Amino acid sequence: YDDPAFSERARAALDPYPYVVLLLPSPNVDESVLILHERIRLSFPDFPAEAARELDEMNRYFMENPSNARLAKLTIYTKDKSSIETRDELLHALNLRRSAG
C-alpha cells in the first residue's frame, strides 16, 4: 500500500490474526526477482519476454515496498525449497506459534 491510510486499514484488518505470512524467495530483492523470473520461465516457456520484464518490475515493486513486510507476522523464504518443504516449514512455524500462544 502506498497510501498511508490504506496501509493502516490493512494493518488494522489483519492485526487480530496471528498467522499473516509473507512468502518470498529470498531476503535479497535482486535474487528474489531472478528466482521468480526463472520459475515463471520454467513453468511457462512461451511466456512473452516483454510480459516477463513487466512482471519482474511488478515483483520488484512489491518486494521493495515495505508494507507487505510490515503486515507479515511471519516471513518464509522459499529459495531452493520444494513446495512440500515450504509447506512443512510453514506448518512447523505455525505449530510453534500455536504452542507458544
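R60 forms a salt bridge with E64, the closest N and O atoms being 3.5 Å apart; a salt bridge is defined as a side-chain nitrogen of Lys or Arg within 4 Å of a carboxyl oxygen of Asp or Glu. Both R60 and E64 belong to helix α3, where 4 residues, about one turn of the helix, separate them. R60 is partly exposed at 27% relative accessibility (buried, under 20% relative accessible area; exposed, over 50%; partly exposed, in between; 1.4 Å probe, protein chains only). The model is a predicted one, in which local features need pLDDT of at least 70 and side-chain atom pairs count only at pLDDT 80 or more, while totals for chains, interfaces and linings use all residues. Residues are numbered from 1 along each chain as its sequence is written, and side-chain values use heavy atoms, with hydrogens and water left out.

The protein contains 5 helices and 2 strands, arranged along the sequence in the pattern α-β-α-α-α-β-α. Helices (H or I, at least four residues) and strands (E, at least two) are DSSP runs, numbered from the N terminus. The C-alpha trace spans about 45 × 35 × 20 Å along its principal axes. Of the 101 residues in the protein, 26% are buried.

In total, the structure holds 9 salt bridges. Side chains of opposite charge can pair when their charged atoms come close. In helix α2, E38 and R41 are 3 residues apart and so are separated by about one helical turn; their side chains meet in a salt bridge with an N to O distance of 2.6 Å. Both partners are partly exposed, E38 at 32% relative accessibility and R41 with a relative accessible area of 42%. A further salt bridge joins the side chains of E89 and K81 at 2.2 Å, N to O. E89 counts as partly exposed at 31% relative accessibility, and K81 is partly exposed with a relative accessible area of 31%. E8, R11 and D15 are linked in a network of salt bridges.

The largest pocket has a volume of about 240 Å³. On a 1 Å grid over the protein atoms alone, a pocket is an open set of points where a 1.4 Å probe fits, with protein on both sides within 12 Å along at least five of seven lines, and lining residues have an atom within 4 Å of a point. The volume is the space filled by probe spheres set on the points. The lining of this pocket comprises 17 residues, of which L22, L24, F62, M63 and N68 lie nearest its centre. At least two lining residues come from each of β1 (21–24), α2 (29–43), α3 (49–64), α4 (67–71) and β2 (74–77). By class, 12 lining residues are nonpolar, 5 are polar and none is charged (nonpolar: Ala, Val, Leu, Ile, Met, Phe, Trp, Tyr, Cys and Pro; charged: Asp, Glu, Lys and Arg; polar: the others, Gly among them).

L23 lies in strand β1 and is partly exposed, with a relative accessible area of 47%.

D80 is located in the loop between β2 and α5 (83–100). The phi of D80 is near 60 degrees, a positive value in a residue other than glycine. Most residues other than glycine have a negative phi. D80 is exposed, with a relative accessible area of 72%.
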